[in-house]
Amino acid sequence: MHNTSRRHFLRSLVAGSATLALPTLMRCAAGGNRPNILIIFCDDLGYGDLGAFGHPTIRTPHLDQMAANGQKWTSFYAAASVCTPSRAGLLTGRLPVRSGMCSDRRRVLFPDSAKGLPQSEITIARAVKNVGYKTACIGKWNLGHLPPYLPARHGFDCYFGIPYSNDMDKVRALSIEQQMDAKIEDYNVPLMRDEEIVERPAEQNTLTRRYNEEVIRFIRENRPPWFIYLAHTMVHIPLFASDEFRGTSSRGLYGDVVQEIDAGIGDILRTLKETGQQRNTLIVFTSDNGPWLPFREHGGSAGLLRDGKGTTWEGGMREPAIFYWPGRIQPGVVTDIGSTLDLFATIAHLAGAEMPGDREMDSYDLAPALFEGKPSPRREMFYYRGQQLFAVRKDAYKAHFVTMAEYAANNNRQEHDPPLLFNVEHDPGEKFECAARYPDVVADIQHLVAEHAAKMVKGEDQLAARITDTN
Ligand code: MG
């Protein structure tokens with residue numbers, strides 16, 4: 001167990017010159033009780049889709065228990081509003097615009113994409129593997145399906161999952177209605193183990209169950225410390241659930257799927273208990289972006305937040321988030337700002353891993369909030385769409401410089417000068433625009449944007465290139 005002074009010491013090292021301090025940092029951590037880390041990352045789950053976050057008919061008893069006995073974060077943001085950049089942000093602790101893992105030409109990686117997460121990027125997996133962690137990636141990847149970009153090339157010892165979204169590789173054109181009544185055979189999505197395709201099309205009804213079984217097997221077969229990144233394919237459409245769960249929720253198929261994910265978490269919690277690891281494992285639960293609203297009841301709910309996936313309104317990027325570590329995390333509700341971007345620094349601290357000192361990071365160590373009841377060190381959030389900065393939150397206020405309401409449409413882009421301003425603590429639904437009343441706040445955020453822009457070095461677009469372009 002870390003004592004307070006060492007925690008402070010480690011944190012100051014992580015925040016400061018990590019390169020210089022690395023040997024000391026590693027010695028400290030190696031002598032301590034380094035936790036296992038399990039990140040459970042849903043796909044397209046909305047802010048309002050868990051019992052603990054207010055859904056009236058979806059039952060999530062295991063996640064609700066984790067929220068009650070851990071920390072429930074209510075202002076926690078994904079790094080982007082769509083899959084690929086969001087995942088790149090989580091794993092690298094960097095805004096995806098820095099790694100080139102976002103694009104104004106293609107929003108995510110597709111089966112014909114030629115590139116992926118560059119080798120020059122350092123993932124959480126690589127950082128903790130370097131200090132002795134066993135690492136597993138289970139689930140959806142979407143950071144490049146060609147060999148140079150797969151999980152094994154980014155620090156994961158093993159991989160089991162689908163390399164891109166479950167609605168890709170369509171065998172025929174499908175309308176929204178047809179995708180809400182989809183068959184597995186409508187999608188030629190591969191299931192991979194390490195770098196081999198082991199099933200095609202992936203039998204999607206059993207994916208959630210098989211991912212959970214894979215996690216449980218990994219926990220039983222590997223000595224701690226370990227790091228598991230469980231990136232569920234669901235609840236991204238097309239929705240599939242195993243027979244055991246189909247028809248069990250009064251929320252319909254979407255509820256069945258969420259409830260199967262929750263039940264799997266129950267199985268994982270039992271395994272941790274049986275193997276004596278529940279008090280030495282940090283579990284983080286969140287989602288990659290908000291609900292996919294055009295799919296109506298097959299999409300989730302952002303609850304009281306505005307809009308959903310693909311947008312820089314709160315419903316696109318603010319996610320349910322739970323941190324759970326019995327005996328270590330102070331139970332409570334945290335309304336301060338946090339982000340998946342912060343998982344890198346937080347996990348690096350706990351694992352005694354190196355914070356990269358040769359690049360701009362966007363990752364805050366959340367340890368003071370998690371373990372000491374102190375405020376979150378994060379006070380701002382940058383909302384990018386593709387490579388363009390659309391909005392910025394600082395403390396309670398969020399300024400929109402550009403808005404675009406729809407996921408796919410490109411004809412409703414609106415620029416705002418002065419920006420639209422909302423107090424997202426008073427008004428989380430972004431209903432009451434207030435820029436004229438708070439010119440000082442607008443000026444302060446504009447100053448923050450200018451500072452951010454002056455230092456920003458955008459990475460080369462990794463999403464635009466297609467396999468056919470390079471042949
Ligand atoms: Mg997604």
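Buried here means under 20% relative accessible area, exposed over 50%, and partly exposed in between, with a 1.4 Å probe and protein chains only. The structure is a predicted model, in which local features need pLDDT of at least 70 and side-chain atom pairs count only at pLDDT 80 or more, while totals for chains, interfaces and linings use all residues. Residues are numbered from 1 along each chain as its sequence is written, and side-chain values use heavy atoms, with hydrogens and water left out.

The fold comes first. Helices (H or I, at least four residues) and strands (E, at least two) are DSSP runs numbered from the N terminus. Ten strands make up an open sheet with mixed pairing, in the order β6-β5-β4-β3-β7-β1-β8-β9-β2-β10; two strands pair if DSSP finds at least two bridges between them. At the edges sit β6 (196-199) and β10 (332-339), each of which pairs on one side only. From one strand to the next, the twist averages 20°, taking axes as lines fitted to C-alpha atoms (for helices over the stretch in contact) and angles as running from 0 to 180 degrees between N-to-C directions. Strands β4 (residues 158-161) and β5 (residues 191-193) run antiparallel and are joined by two bridges. Gly161 has Met192 in β5 as its bridge partner.

Helix α3 touches β2 (71-77), β8 and β9 (318-324), and its direction makes about 70° with that of β9; contact means heavy atoms within 4.5 Å. Helix α11 (residues 343-351) lies across β1, β7, β8, β9 and β10, running at about 160° to β1.

Next comes the metal site. The magnesium ion takes its protein donors from Asp43 (OD), Asp44 (OD), Cys83 (SG), Asp288 (OD), Asp288 (OD) and Asn289 (OD1), at 2.1 to 2.7 Å. Donors are N, O and S atoms within 2.8 Å of the metal (3.2 Å for Na, K and Ca), and with water not among the atoms, sites may look incomplete. Along the chain the donors follow the spacing D-D-x38-C-x204-D-N. Asp43 belongs to the loop between β1 (36-42) and α3 (61-69), and Cys83 to helix α4 (residues 83-92), so this pair ties together parts that are 40 residues apart in sequence. Asp43 is buried at 0% relative accessible area, and Cys83 is buried at 2%. The six donor atoms make angles of 52 to 156°, and the site is irregular. Four donors count as tetrahedral if all angles lie between 85 and 135 degrees; four count as square planar and six as octahedral if opposite donors are over 155 degrees apart and all others between 65 and 115; anything else is irregular.

Salt bridges come to 32 in a search of the whole structure, each being a side-chain nitrogen of Lys or Arg within 4 Å of a carboxyl oxygen of Asp or Glu. Asp44, a magnesium donor, also forms a salt bridge with Lys309, with the closest N and O atoms 2.8 Å apart. Asp44 sits in the loop between β1 and α3 and Lys309 in the loop between β8 and α10, so the pair ties together parts that are 265 residues apart in sequence. Asp44 is buried at 2%, and Lys309 is buried at 4%.

Another pair is Arg153 with Glu195, whose closest N and O atoms are 2.9 Å apart. This pair links the loop between β3 (134-139) and β4 to the loop between β5 and β6, 42 residues apart. Arg153 is partly exposed at 35%, and so is Glu195 at 28%. Arg210 pairs with Glu199, again with a closest N and O separation of 2.9 Å, linking helix α8 (residues 207-221) to strand β6 across eleven residues. Here Arg210 is buried at 17%, whereas Glu199 is partly exposed at 24%. Salt bridges with shared partners also join Asp43, Arg87, Lys140 and Asp288 into one network.

Most residues other than glycine have a negative phi, and most peptide bonds are trans. A cis peptide bond joins Ile237 to Pro238, with omega about 0°, and Pro238 falls in the loop between β7 (226-231) and α9 (253-274). The bond from Asp417 to Pro418 is also cis, with omega near 5°; Pro418 is in strand β14 (residues 414-423). Glu430 has a positive phi, near 50°, and is buried at 1%.
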